[in-house]
Amino acid sequence: MKYWRRPLDKDEIKTPKGHIYLIPDRCKGCGFCIEFCPKGVLEESKEINKKGYHLPKIADGKEDDCINCNFCMLICPEFAIYTEEGE
Amino acid sequence: MSVKGAGDEGRIETGEEHPLDHILRRDRLPHIWCPGCGLGSAMTCFAQAIEGVDIPLKKQVLLSGIGCTGRIAGYVNVDSYHTTHGRAIPFATGLKIANPELCVTVFSGDGDLFAIGGNHFLHAARRNVDINVICVNNFNYGMTGGQQGPTTPVDAKTTTTRYGSFEHPFNLPYLAAATGAVYVSRWTTLHCRQLEKSMEKALQKKGFTFIEIISPCPTGFGRPNKLGEGLEELRYYREKSVIKNDASWDEMDLHMRGEEPIVVGDFVDTERPTYLELEEQMLRKRGFMK
Ligand SMILES: Cc1ncc(C[n+]2csc(CCOP(=O)(O)OP(=O)(O)O)c2C)c(N)n1
Ligand code: SF4
Ligand code: SF4
Ligand code: SF4
Ligand SMILES: [Mg+2]
């Protein structure tokens, strides 16, 4: 990120990092988590679960981008995706 | 693991336990709702809310009537009742009066609460019974095949309005406020954070509270009305929702088409003596209670 002025507390404020988990057999491939992740971390994979739904996956180059905001967990209608604080 | 398909790149690590699993009846998942249905998101917000407030889960009771929304009572791991069609509110009223310690919430559909159960809603709000009513408004009877209901917008297509609905729908926040609800709010299933906050407020508030949740029902309403699948309907909410806490009643009318906004917000937050408080006042006044 570029700043027009370096924030004074930039070194103290840490952006949280999240670790994403998926319970594959609950997912129904609705795409909500993919569309509404504010960091664009997720995309649809070719992989399918046993019911034939396409699962979300982490997009190329976005492996470290999850900020643990929790929104994917809240919007997922299937209790299938969630995050935990990462390091 | 039962996942088959292409390579491992980007595969999300498999989780063992969802953070809300202890509030869900895990053995019943996956639930019956269609892909892209908003009910699961609404239920997640509720599960978060009952955990977020300072009321023990043991004191929380959830009731539903009949319908897709009515299934919620069967998936939440607190004391819950799946009552007959339209009758969750009288059931809840009885529970609250018999055991005022309980935090009683009714979670049901637009048809259940405002068609067959409409009269109960009016009188529970009028009496200011200390219960919470949450209505998932998907503008139709989802469970029985997408028929017109009391919130179906004019001109909307349902299986019983092939030429477009020609009935005026209820404006639910207006109805709730007019009949006496002390807290009234409306969100879409995309407004997860606001919805969770409003639910927490309602759970903690004394008196009759009402929350309307606008939710996609791609199967019954979205597809025939060109709102598309659940995802497309959520995009539509993102584009058309306007948060306006001081909106006029007219502005709260929903059209679900064209350029018309979807006005959401916390519309009413007021105080009025509850049914039990007034009862106690009268009993004391007449000397039947010390
Ligand atoms: C006495 C009675 N009449 C009719 C029905 C059929 N019925 C089941 S659900 C339903 C409507 C549900 O609509 P709504 O409350 O909007 O729930 P949704 O499925 O849309 O969530 C009807 C008419 C019934 N179960 N019982
Ligand atoms: S927690 Fe937030 S940033 Fe991380 S994947 Fe979910 S929505 Fe995206
Ligand atoms: S929101 Fe949930 S059900 Fe929908 S695609 Fe994402 S993980 Fe699957
Ligand atoms: S019919 Fe509609 S309300 Fe019922 S589960 Fe399907 S999408 Fe949801
Ligand atoms: Mg309905």
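This is a predicted model: local features need pLDDT of at least 70, side-chain atom pairs count only at pLDDT 80 or more; totals for chains, interfaces and linings use all residues.
Student: Where do I start with two helices, say α5(B) and α6(B), and at what angle do they pack?

Tutor: Look at their axes. Helix α5 of chain B covers residues 118–127, and helix α6 of chain B covers residues 172–179. They pack at an angle of about 45 degrees, with axes 8 Å apart. Angles under 35 degrees count as roughly parallel, and 65 to 115 as roughly perpendicular. α5(B) and α6(B) are therefore oblique to each other.

Student: Which residues make that contact?

Tutor: From α5(B), take B:Phe121, B:Leu122, B:Ala125 and B:Arg126. From α6(B), take B:Leu175, B:Ala176 and B:Thr179. By class, five are nonpolar, one is polar and one is charged.

Student: How do I read α3(B) against α5(B), and at what angle do they cross?

Tutor: Helix α3 of chain B spans residues 88–98. Its axis and that of α5(B) come within 8 Å and cross at roughly 35 degrees. On the α3(B) side are B:Ile89, B:Pro90 and B:Thr93. They meet B:His120, B:Phe121 and B:Ala124 in α5(B). Four residues of this contact are nonpolar, two are polar and none is charged.

Student: Now the metal. Which residues coordinate the magnesium ion (ligand 5)?

Tutor: Find the donor atoms. B:Asp110 gives OD, B:Asn138 gives OD1 and B:Asn140 gives O. The distances run from 2.1 to 2.4 Å. Along the chain, the donors follow the spacing D-x27-N-x1-N.

Student: Are B:Asn138 and B:Asn140 buried or exposed?

Tutor: Both B:Asn138 and B:Asn140 are buried.

Student: Last one. Why does B:Ser185 count as buried?

Tutor: Check the relative accessible area. Buried means under 20%. B:Ser185 has 0%, so B:Ser185 is buried.

Student: Where does B:Ser185 lie, and what is B:Ser185 in contact with?

Tutor: B:Ser185 lies in strand β6 of chain B, residues 183–188. Set aside neighbours within four places in sequence. Its contacts are then B:Ser198, B:Phe210, B:Ile211, B:Glu212, B:Gly265, B:Asp266 and B:Phe267.

Methods
Residues are numbered from 1 along each chain as its sequence is written. Chains are lettered from A and ligands numbered from 1 in the order in which they are written. Side-chain values use heavy atoms; hydrogens and water are left out. Axes are lines fitted to C-alpha atoms, for helices over the stretch in contact, and angles run from 0 to 180 degrees between N-to-C directions. Helices (H or I, at least four residues) and strands (E, at least two) are DSSP runs, numbered from the N terminus. Angles under 35 degrees count as roughly parallel, over 145 as roughly antiparallel, 65 to 115 as roughly perpendicular and the rest as oblique. Contact means heavy atoms within 4.5 Å. Ala, Val, Leu, Ile, Met, Phe, Trp, Tyr, Cys and Pro count as nonpolar, Asp, Glu, Lys and Arg as charged, and the others, Gly among them, as polar. Donors are N, O and S atoms within 2.8 Å of the metal (3.2 Å for Na, K and Ca); water is not among the atoms, so sites may look incomplete. Buried means under 20% relative accessible area, exposed over 50%, partly exposed in between (1.4 Å probe, protein chains only).
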